[in-house]
Structures are given as structure tokens and as C-alpha cells.
Amino acid sequence: MKALNLLPAWRALTVHHAKIRDVHMRKLFADDPDRAERFSVEGAGLFLDYSKNRITDETISLLLQLAEARGVTQRRDAMFAGEIINTTERRAVLHVALRAPRGTRITLDGSDIVPDVHKVLDAMGVFTTRLRNGGFTGHTGKRIRNIVNIGIGGSYLGPEMAYRALRPCSDRSMRFRFVANVDGADFNEATLDLNAEETLFIISSKTFTTLETMTNAATARTWLVQKLGSEAAVGKHFAAVSTNIGGATKFGIDPANIFGFWDWVGGRYSMDSAIGLSTMIAVGPDNFSEMLAGFHEMDEHFRSAPPARNLPMLLGLLSVWYNNFFGAQTLGIMPYAAHLARFPAYLQQLQMESNGKHVDLDGRAVDYQTGPIIWGEPGTDGQHSFYQLLHQGTKLIPCDMIGFCQKLSPYAEQHDVLMANLFAQAEALAFGKTEAELQAENSPDFQTPFRVMEGNRPTNMILADKLDPRTLGSLVALYEHSVFTQGAIWAIDSFDQWGVELGKALANVIIPELRHGAEPKLAHDASTNALISRYRRQRR
Ligand code: F6P
């Protein structure tokens, strides 16, 4: 593959950036009254206004040329065709099959995988319905009212994010808890007030070997057996979601309560697989199907919309524009919806584990920046903590702002206030406030320099009608495919995660060194040895 910085489109973008980098959005809007209309696009229930970016038609045209030169659409088609695009793990990448409607064909090694997907969805539906209507009871015959999902990374962030996002359509008579951290405090706090007779643990782990999850699962098992006084209770109070059916069975989980998925689903792309079991129990099978329909609608949009009208491609290319040409280190995600409080954390794993890579697909060190740091908080909370730096700090921080036209609470006026803040922040970030404007407002001279807002801070505005299951599906798929687009431009493997392995291996060396009584001789570096020794002394 030709080096990225030798591509004509890349070179042209470098030259173009030098021309445009100091142009203010005030000028761009003044010179081009149709800009908002031209730089907005709609698809799969989402509206994207990307006019408040430091771009012109030429920018978009060059970014699209770059996408073409990097074969983004060919790589996309290879993904949908089940080719081994996760080359370092020798796996296909087929999360799009998880939401393919019944009857669609997606083949892997010549066989259609969609029927298997629906077999699992159907089994999840039967299990969910029995749980929700009281047909599935615990060891003592009581109805299950508490669901505790135990999992980490992709086996936790998606389920927790989706549960919070879809709470308005969840069964409010049930309680949902999510345990991820190996810190026993996480399990303790999640279960302190729960009645074991009414509690079901879902052990969610693609591999069924992850240290944190296996540790918490063992704790859950001990907790349950102690509370209910019988090993036989495990069968009635545990379910599992995994590709490792053998591991889940060995743990003692009733095979009827084990739901599988496949190695072609990456952990961070799995919230719409059986990993979404807690989501389905919360919102019911019909709402879960609606969420899958939203995912699928965005998949189809990504697959068929022309690049210039393709939401995920445009979002991905704009991220490349700031990351590689403006040198922006981070991307802020600001959902103006309390229900999306965990969405930034979800996108952190999706994007940073996917695109935080230092070598290209040929294994050569990249000489350009790859994935940005993703962070964020819901609006309006962030406005009263870190927005000061967005507005007047010295760093360029592009942000995605997300809002919904319909409210999810009975308080209509508050929704108007929320949306007013969303629009106002994007306006303030883009246009700021000049010295002349401040003087016209009689700002005291001594304050004027401090009150000037430079503006020219870019935002993407994503609007949808309502935060419902279908919209959530489209929104997540939008970001999945934006991540894909960026990975294709950078020619990296967005589907492996080798960087998490070393820390895991080192922890496994240190665990026995911390065990009470044993305290073997330490052979780490001087700092790690001293820290372990201090911990051994002080923990008592
Ligand atoms: O350590 C990273 C990771 O492998 C993630 O990719 C994954 O989502 C998470 O751990 C949990 O893995 P599992 O579902 O196999 O327990």
C-alpha cells in the first residue's frame, strides 16, 4: 500500500490546510449563506449538520478523494462480504450480521450465518419473556426481579449504556445492576440491597476467561450459595453469554441459560449480540428488535449512500481532518440527554480500542497520527465544568453534540431549555465574541480581553427525533462505521487489541506475589519492587 503522505489527495489536503487553517467560521458563514443546508445530511433517522466545521467544499471533495484512494468503500464491501479483514487475528468482522433481518443472506466460508443469529435471538426472546412474565423463577420459587450483569469492556459498557439510554421503555419493576471492576467494592455495592432469591446473574464474557469477570463470577457464586444455602441454586440464578460455551458449562451454568455468539463479533461491537441479554430483559424482545432495526438501517445507509451523503463516512473523514491536519489530539462527545450519560464511555472503548494502533496492516510503524482520544460528558453538566477550556483554552477540541427533538420526561419546558443550551453552545463555539461586540455591549475595558471568545471551534451536530431503541441502534452503528472509515484511511486493523495483553500478563505475575504468607522474592524493576513491598507492609 502506498504511503499515506505520498497520496496526491493527502498532499493536496496538506496544501489546502495551510490555506484554510486561519480562516474563521464567521467568514465561511458570511461568504456562503447556503452552507448550513449544503453541509447537512440525513440518514437512518439521524440528521447531521456539519456546517460548523473549518471546511469548504474543497475540503470535503479532497477528503472524499482520500477515502477513494484508500479504498474505504472496497474495504467496507469486504467487511460485509465476510472477508478476513481482521488480519492479525485472522477473523472476519461481521457485527453487521447481528442485525440482519431474518431471510437476509450473509455468508462466511460459504454458509449463511443469519439463521444462527436469529436462532440465538429467538432463544433470548423465550428466556426473556419467561423472566419478565414470572414463568422463570429462582431456586425458592420466587420471581426474578434483579438482574446483575457481570462483564467488562465490551461485555459491560454496551449493556450499561443501553440500559440507561432505554430506561424509559424498561420494566420499572425490575432492578438492573452492572458489575465490571475487579475491585470487590463494585460487586459489594451492586448486591448489598439485593435479595438473592430474586436475583439472576448474567456472566457476560466473549472468552469466559477474563480475570475481572471470572473473579466477580466466582464471588457471585459464593454470595448466592451462602445466601440460599445450596449449590443447586446456581442453575436457577446464573445465565451466561459467551463464545466459550464449554467454559460457561464448566462453571456450572445450566446449558438452557447459555447464549452464544461468534468469534467474528468483536467485544466492543457486541452490544447487539447475546451480550445484550440484559438489555433485552430490560426493554423486552420487541424493543430489542427495534434497536436492531435501527442498527440495520444505518448499516444499509453506510453500504449504499454515496460517500458525499454518507453520514458515517463524513463523520470519519472529519475526524481525520482534525486529527491529522489540525493536530487535534481529542474528540469530545457531548450528548444533550441525561439518558446518554454513559455514551461517551461506550464510545471511548469503541474508538480507542479500535483505532489506537501504532502499525499499519503491513506491520510497519505509522508516521501519522491514528485514533484520537475520546472523552465527554452529557450536556448541560459539562458546561459548568470543562467547557471554559473548550471556549477559551489554547487547544483545539472538536466536539460531536447530540440532541433529541422530543423529550423523555413530563417536563416539556425543561427540554426546551436543554435544547436551547445545545444550540447555544455550538453557536458560541463557532462564532465566539469579538472585542467590537463586547465594546458595543459596554463591557468594562479592563475585562474586555478576558471576555473575548475567539470562536472557530468546530462541532458536528447530530439530531434525532427521539431517543428510542431504533435511534440508539442507528447512533451506535453511525459511530461503528465512522471508526471503520477512519481505520481504513489509516490502514490499520481496527478489530484487534494487542495492546491490552502485556498489562494482563504482568498482573498475573504480580497476583501470587501479593498473596498473604507467600511473599516470594521480587524480580521487577526497582520502582515496581518497592511499590509491591510497600503494599505488602501497609495493607495490614
Ligand atoms: O482486554 C480487552 C478486552 O478483550 C476487550 O476487547 C473486551 O471487550 C473485554 O476485554 C472483555 O472481554 P471478554 O468479553 O472476553 O470478557
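The model is predicted: local features need pLDDT of at least 70, side-chain atom pairs count only at pLDDT 80 or more, and totals for chains, interfaces and linings use all residues. Residues are numbered from 1 along each chain as its sequence is written, and side-chain values use heavy atoms, with hydrogens and water left out.

Start with the ligand. Around the ligand are 14 residues (a residue is near if one of its heavy atoms lies within 4 Å). Ser155, Ser205, Lys206, Thr207 and Thr210 come nearest.

Now look at polar contacts, pairs of N or O atoms within 3.5 Å. A polar side-chain atom of Ser205 is 2.6 Å from a ligand oxygen atom. For Thr207, an N or O atom in the side chain also lies 2.6 Å from an oxygen atom of the ligand. For Glu353, the distance from a polar side-chain atom to a ligand oxygen atom is 2.8 Å. On its own the ligand has 390 Å² of accessible area, and the protein covers 87% of this (Shrake-Rupley method, 1.4 Å probe).

Where does the ligand sit? It sits in the largest pocket, with more than half of its atoms within 2 Å of the pocket's grid points. A pocket is an open set of points on a 1 Å grid over the protein atoms alone, where a 1.4 Å probe fits, with protein on both sides within 12 Å along at least five of seven lines; lining residues have an atom within 4 Å of a point.

The largest pocket holds about 1,000 Å³ of space, the volume filled by probe spheres set on the points. Its lining has 41 residues, and Thr210, Glu353, Gln497, Val500 and Lys504 are the closest to its centre.

Terms used:
Polar contact = N/O pair within 3.5 Å; in protein donor to acceptor, adjacent residues only side chain to side chain.
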